[in-house]
Amino acid sequence: MSAASTPVTTASSTTTTAGQGQGNNILFTWFAGSLASCGAVTFTNPFEVVKTRLQLQGELARATPSMAKPYHNVAQAFWVIGKNEGLRGLQKGLGPGYMYQIMLNGTRLGFYEPTKNLMYQVFAGHTSDASGKQVLPLNVAAGGLCGVAGAALGSPFFLVKTRMQSASKFAAVGYQHNYTSALDGLRRIWRDGGVRGLYRGMDAAMMRAGAGSAVQLATYDQCKTYIARNLAHRGLDGNSAMTHFLASMVTGFFVCTVMNPFDVVSTRMYNQKAAVGVGGAGALYKNPFQCFYKTVTTEGFFSLYKGFLAHYLRLGPHTILMFVFVEQIKALGTKYSSR
């Protein structure tokens, strides 16, 4: 974003001037979002592995002094996994993680701006960049809808990713599925549960992504607008990498705060073993609401914030890297399309 004299930039569009080029094209924005998020997850996946194991540790067990906890905190868990499983252990689930990022972030970043513009036209009578004034509830709704759609498309990949990341021969937590690869996981899930098995936990993932996307995309918009309007005189306009970095730092914290309870539930819904004789159904939880209830009543409210620090250490840098990458990719696209 920039001062009043400069066109407003959003999380999924370039400036109004550049809007005539590739930066405002849905397909290009989808490509930019996919590429940027895959680049980001390459660096942040180890914290996703740590987060997954911390969230599954002590599942549906009341905490006691004698309870065995192989993972005590983020740093110790990172060390234990790295020491005993190596770099491959810290990068477990990266393959399906890439596919999930393409489905989730390609969809939500690619369609966020068109969805937001449609909602502005319906409810405000103009497009979102017509006046430069942002309407937070519409931004939240557009972000949430795009996040839900992306989560639904990517759910089978998130399912396999979670199960691969929880697997450990040294310090196992949660049910161990022991897939040899992402393809092996998809094949076995299809064999045992069909379509229902592949999409088990999708409802929890949609809640997770809807809450996270609503906050992430809308907050990023607002933060970037505020920074650009108030700090443009210091060189922090809408196209500044530092503007994108600062907006992403703030956004990551708010997203993590809102999304962590849904993330815990989603992780547990995905990792649970299948119920005997019921194809595709889970043995521990029938739906996300039961998972919320059983988790809180057994482990306490703050169990919903298990892995919070690991989540932020994953989500904060991921948000920063993703938005910085996507803005720079779009800037390059706009630069070369205008030649």
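How much space lies in the largest cavity? The answer is about 230 Å³, in a predicted model whose local features need pLDDT of at least 70, whose side-chain atom pairs count only at pLDDT 80 or more, and whose totals for chains, interfaces and linings use all residues. Residues are numbered from 1 along each chain as its sequence is written, and side-chain values use heavy atoms, with hydrogens and water left out. The protein has nine helices and zero strands; helices (H or I, at least four residues) and strands (E, at least two) are DSSP runs numbered from the N terminus.

**Overall picture**

- Along the sequence, the pattern reads α-α-α-α-α-α-α-α-α.
- Of the 339 residues, 53% count as buried, where buried means under 20% relative accessible area, exposed over 50%, and partly exposed in between (1.4 Å probe, protein chains only).
- Taking contacts (heavy atoms within 4.5 Å) between residues at least 6 apart in sequence, 78% join residues at least 24 apart.

**The cavity**

- One cavity of 30 Å³ or more is present in the structure.
- A word on terms: on a 1 Å grid over the protein atoms alone, a cavity is a set of points where a 1.4 Å probe fits but cannot get out, while a pocket is an open set with protein on both sides within 12 Å along at least five of seven lines. Lining residues have an atom within 4 Å of a point.
- Grid points are joined across faces, edges and corners, and a volume is the space filled by probe spheres set on the points.
- The largest cavity has 21 lining residues, and Y100, Q101, L104, R208 and R314 are the ones nearest its centre.
- At least two lining residues each come from helix 1 (26-56), helix 3 (94-123), helix 4 (136-166), helix 6 (202-231), helix 7 (241-271) and helix 9 (308-337).
- Helix 3 gives the largest share of this lining, with six residues.
- By class, the cavity lining splits into eight nonpolar, eight polar and five charged residues. Here Ala, Val, Leu, Ile, Met, Phe, Trp, Tyr, Cys and Pro count as nonpolar, Asp, Glu, Lys and Arg as charged, and the others, Gly among them, as polar.

**The pockets**

- The largest pocket has a volume of about 470 Å³.
- Its lining has 15 residues, with R88, K92, A167, Y179 and T180 nearest the centre.
- Helix 2 (74-90) and helix 4 are the elements that give two or more residues to the lining of the largest pocket.
- Helix 2 provides the largest share of that lining, four residues.
- Four nonpolar, six polar and five charged residues make up the lining of the largest pocket.
- The second largest pocket has a volume of about 310 Å³.
- Among the 20 residues lining the second largest pocket, L54, Q57, K69, E299 and K306 are closest to its centre.
- The lining of the second largest pocket holds nine nonpolar, seven polar and four charged residues.

- Helix 1 spans only 38 Å between its end C-alpha atoms, whereas a straight helix of 31 residues would span 45 Å at 1.5 Å a residue. The expected span is 1.5 Å times one less than the number of residues.
- A kink of about 55° sits at T44 in helix 1, shortly before the proline P46; the bend at a residue is the angle between axes fitted to the seven residues ending there and the seven starting there.
- Just after helix 1, G58 has a positive phi of about 75°.
- In helix 4, a kink of about 60° lies at G154, shortly before the proline P156.
- Helix 4 is largely enclosed by the rest of the structure, because 22 of its 31 residues are buried.

**Two residues to look at**

- T52 belongs to helix 1, and T52 counts as buried because its relative accessible area is 1%.
- Leaving out residues up to four places away in sequence, T52 touches T162, Q165, S166 and T267.
- F325 is in helix 9, and F325 counts as partly exposed because its relative accessibility is 29%.
- With residues up to four places away in sequence not counted, F325 touches A36, G39 and A40.
- F325 and C38 are 287 residues apart along the chain, and 10.0 Å separates their C-alpha atoms.
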